[in-house]
Structure formats: C-alpha cells, structure tokens
Amino acid sequence: MAPLELFCRGGDPRAMKGFIAACLSGAEVKFTPMTAAVSGETRGAPIKLGELTDANAIARFLGNRGALKDAFVPSRGPERWAVERWTEWETNALAPAVALACAAKDAAPVVTMLRETLDVRLTEVGFGDENTKTFVSIAGGTASKTTRTLADVVVVAALFPLLGENRASGVRGVERLADEKTLVVSWFESFFDTGDELTRAQILSALELSKASVSASYTVAANDGAALLLRSLSSAPPTDPSKEKFCVTTAINYANGAPHMGHAYEAVSSDVIARYHRLYGRDVLFQTGSDEHGQKIAEAAAAAGHEAHVAGLRCRVMWGKPSAAKRKNAPGGPQQAPAGSAQQAHQQASNPGAFDPASMPLPFAPPASADARAAYPSTDPRALGSRGAEKE
C-alpha cells in the first residue's frame, strides 16, 4: 500500500503532529510540499491529508491505529475526556499564545499561562515525583501513564517553536520556565529523551520527516501570530488617535542639478502619507530637506557661475511657489511658521538650505521671508541654468 501524502510546509508545528502520530502508530506517510494549487483547493489551509485539513484531526487519524489503537485516543473513561480537553486547550489557547509570543518575541504571557495550567496538570498526574524525569502523559490514568496520547503530541508540537533544541529560539522570557524550576521544560524534554529506544527512534524519524527545526517552526509560528494580531486589530473598537504619533521622512536630495521626477515622487508621496495621518488626527512629523554641501555642489555652482549656496536655492525654486489660496485651502497641509517667530529665525539662521516642511507650504518651496530671498543673487531658475541633477 502506497504511503499517505501529507501536504504541508517544512518545519510547520501542525505537520509535526501528524508525523509524530504516524511514526508512533506505524502508519506510512510521506512529506509532500504544500503548493499554491493544493493550498487553493483547501482554501488556504496550511496542511492537508486526503480530505482532512485540520492538524489535530489528521494526527488523530494517523495515530489511533496499529499499535496505538484505543491508546492514542482512549475509547472511554476519564483518560478519554482528559485527552479531548487538553487537545481542545492546545487548539484554542496554547497554539495562539505561542504564535503571539513568537510574533512579539516575548514569551512572558505564555510562560504565565503554562505555569498556571500545564504545570499544575503535570503535578496532578505525578510527573516529577521523586525527582524522576520519566515521561508521564497529561491524560493521566493508571493503565499506561507513559503512552504518548493525542494530547501529549499536539501540546509538544505547539511548544516546539519555543522549547525545541534547548530553547534555541531565543524568545525573551522563555528561560523563566527553566529558571523557576517548573515541570514544563522537563516534561517537554522527556517526550523526546525516552528510555525506550524504539519510541525514541520513531520520534526522531518523525522530526526528520517533517523537516523540523526551531528556526523553521519559529518562523511559521511568528507568521501565524502576526496574522492573529492583524485579525484582532481589524475587529478592535476605534480609539482616539490624537495621542498617537507618526513620523515620515524622505532622503535629502543633492542640490547640484535640477530636480526631476524621482525627487517629486518621493516628496509628493511622503507628503500624501503625512496628510492622511494628519487628517486622521495623529500628531505627525513630516521631515524632508536637501543636501547642500560637499565638493559636487561647489563644482556645480562654480560651473554655473554662482556662489555655492545658489545651487541649493535653484533646486527649490524650480518647483514653483504655490498661491496663497492654495496654501490656505490645502487639506491637512503643513502650516507656515509665523513671520518673525523664534521657529522661523532658528530655521533661517541654522541653515537656509535645510528646512522643516511643517513650516513650509509645500516641499521645496522658496523661503517665505523677503529678507531671506534677497540674500540670493537670483531666484529665477531660468537664470541659473538647467543642468540635470547628479548624485555624489
């Protein structure tokens, strides 16, 4: 009989569940890379086995057969309901918490949750009694406490991005689980470091089949966490944006030639973004300017027969000065600094070529002050030549 094909992505913790379950039960299954075509058939599901697209359902199907039949998922008694309860907890609480921890690179919330839930359960089932590290199933019971059940497999796979390979993910706060002497880390390690060589070989084979590594699993979990964050933000109630801050900056363009479409694209698109956030109600800083020093600038000015500071002015005045009506009616546009204000005096005294658009009508507008304009021999771009802008 041909092996079953498990479509998935390498290192996905969801796929690890199916491969571990299959190797423990003896079911033959092979890794098949998830393609865009297969993902489209499953409406974006990240894993597929036959018609099954739920990771825990796949693990249940592959594990509850052969040597593990009626043991992987007990058919009756308290153990059955313990398996179901902890499997559901992994789906609804643990896996999302691990994904968010990977996305935020902060494991503090999930560490607290594990200490208050899984650590308590491990004490209840007797793990760690007499300082032993022999694996004990979280399903409990007395028949076979060391049998790995569906609940154990899915919880271990969910924790792998954080605890795998001696907590190699480096997520902040994970070490607290070991430092605070909780049972979770020891139990996780005992799942793999079993005294039964056959079981150990089966689990290692499953990790190899699923192409498991902490880096790959961490990346998958972090992407899941980012998606969860976006989903929660999209449904969150609106908040007052007036306390929020937003900053957008542009490059400072060289002033040794005429401005061109490349300069316009960056300045105008940044201005549009700044205006959007300002209209939304946020406190916005829009920063732009020009690079008006250096050998290239001096050479361009000398070639045009002007002082070096004229090249910077030429780059700005070629955009044209908007009318007063346009400046007044520009929605959310930058406001000009009051004439004679300390802000305007500071801007002009520090560097006439560098300016803050919050005090200018539009990017690259000429100085508003008549005295500042008079300091330049000419503000007519036609009198300053038409050399193309060059890069240093």
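Biologist: Which helices each supply at least two residues of the lining of the largest pocket?
Modeller: α1, α3 (55-63), α4 (77-104), α7 (150-167) and α11 (214-234) do. Helices (H or I, at least four residues) and strands (E, at least two) are DSSP runs, numbered from the N terminus. Bear in mind that this is a predicted model: local features need pLDDT of at least 70, side-chain atom pairs count only at pLDDT 80 or more, and totals for chains, interfaces and linings use all residues. Residues are numbered from 1 along each chain as its sequence is written, and side-chain values use heavy atoms, with hydrogens and water left out.

Biologist: Which helix gives the most to that lining?
Modeller: α4, with 6 residues.

Biologist: What volume does the largest pocket have?
Modeller: About 510 Å³. A pocket here is an open set of points on a 1 Å grid over the protein atoms alone, where a 1.4 Å probe fits, with protein on both sides within 12 Å along at least five of seven lines; lining residues have an atom within 4 Å of a point. The volume is the space filled by probe spheres set on the points, which are joined across faces, edges and corners.

Biologist: How does the lining divide into nonpolar, polar and charged?
Modeller: 14 nonpolar, 3 polar and 7 charged. Ala, Val, Leu, Ile, Met, Phe, Trp, Tyr, Cys and Pro count as nonpolar, Asp, Glu, Lys and Arg as charged, and the others, Gly among them, as polar.

Biologist: What does its side chain make a polar contact with?
Modeller: The side chain of R60, at 2.9 Å. A polar contact is a pair of N or O atoms within 3.5 Å; within protein, one must be able to donate a hydrogen and the other to accept it, and residues adjacent in sequence count only if both atoms are side-chain atoms.

Biologist: New topic. Where is T288 found?
Modeller: In the loop between β5 (283-287) and β6 (290-291). T288 is buried, with 5% relative accessible area. Its side chain makes a polar contact with that of T250 (2.6 Å).

Biologist: And N256, buried or exposed?
Modeller: Buried, at 2%. N256 sits in the loop between β4 (253-254) and α12 (261-280).

Note on methods. Buried < 20%, exposed > 50% of the residue type's maximum accessible area, 1.4 Å probe, protein only.
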